[in-house]
Amino acid sequence: MKFELVKLPYATDALAPVISKRTVELHHGKHLQAYVDNLNKLIDGTPFADKDLVTIVKESDGGIFNNAGQNLNHILYFLQFSPNGGGAPTGELADAMASAFGDFEKFKAEFEAAAVTVFGSGWAWLACDKDGKLQIVKEPNAGNPVTKGLVPLMGIDVWEHAYYLDYENRRAEHLKQVWNIIDWNVVAKRYQERGQELVINK
């Protein structure tokens, strides 16, 4: 299996001003492409060569884990955005959020607090278990909630390359703006499909 760079469902300038064209071009076209290329090289000739991405993340370590994790993380990340995003979740996801956090505004505050306090590089995730119970998970570096048996629903990249060109060292400001491009329909679909095996091959 050869992994490929995930195709963006929007133009590289479509997320501006929340995330600029230049940041998308560098983040997706350079950083993520490097993770994809490195992963393909590292798994060649190994037992991971024929496994899907989620399985590799769950079963690997070292360089393979780092590059597989970042590949998975960024697929989930880039596909959760839309130039028509924003607002708040509805339906089943909104009910689960109210149960877990009180309401949407309380969730956002708790999520931002988690993301801003990730030390160094890493990710903040909204995840759930197979029963649908939501939780916020902080992961260092290439970490993903699948390694804890959880389903990743929404992930925010707090590596500096994700925001530094646009916000410099103001991570908290970036976190407040990113809500404007979250496609809650995508996140809700991931929540609805939580009982299924998460399989991402490309």
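Helix axes are lines fitted to C-alpha atoms over the stretch in contact, and angles run from 0 to 180 degrees between N-to-C directions. In this predicted model, helix α4 (residues 91-101) packs against helix α8 (residues 184-192) at an angle of about 80 degrees, and their axes lie 8 Å apart. Angles of 65 to 115 degrees count as roughly perpendicular; α4 and α8 are therefore roughly perpendicular to each other. The residues that form the contact are listed by helix below.

| Helix | Residue range | Residues in the contact |
|---|---|---|
| α4 | residues 91-101 | E92, L93, A96 and M97 |
| α8 | residues 184-192 | W184, V187, A188, Y191 and Q192 |

By residue class, this contact of α4 with α8 comprises 7 nonpolar, 1 polar and 1 charged.

W184 also belongs to the largest nonpolar core, which has 66 residues; together with F107, F111 and L134, W184 has the most contacts inside this core. Helix α3 (residues 62-79) supplies the largest share of the core, 8 residues. Leaving aside residues up to four places away in sequence, W184 touches, among others, G86, P89, L93, M97, F107 and W179.

At the level of the whole chain, the secondary structure amounts to 8 helices and 3 strands, in the sequence order α-α-α-α-α-β-β-β-α-α-α. The radius of gyration is 16 Å, close to the 17 Å given by the globule rule for 202 residues, so the protein chain is as compact as a globular protein of that length. The C-alpha trace spans about 50 × 40 × 30 Å along its principal axes. Of the 202 residues, 50% are buried. Among contacts between residues at least 6 apart in sequence, 72% join residues at least 24 apart.

Definitions and conventions
Residues are numbered from 1 along each chain as its sequence is written. This is a predicted model: local features need pLDDT of at least 70, side-chain atom pairs count only at pLDDT 80 or more; totals for chains, interfaces and linings use all residues. Side-chain values use heavy atoms; hydrogens and water are left out. A nonpolar core is a set of buried Ala, Val, Leu, Ile, Met, Phe, Trp, Tyr and Cys residues joined through side-chain atoms within 4.5 Å. Buried means under 20% relative accessible area, exposed over 50%, partly exposed in between (1.4 Å probe, protein chains only). Helices (H or I, at least four residues) and strands (E, at least two) are DSSP runs, numbered from the N terminus. Contact means heavy atoms within 4.5 Å. Angles under 35 degrees count as roughly parallel, over 145 as roughly antiparallel, 65 to 115 as roughly perpendicular and the rest as oblique. Ala, Val, Leu, Ile, Met, Phe, Trp, Tyr, Cys and Pro count as nonpolar, Asp, Glu, Lys and Arg as charged, and the others, Gly among them, as polar. The radius of gyration is taken over C-alpha atoms; the globule rule is 2.2 Å times the number of residues to the power 0.38.
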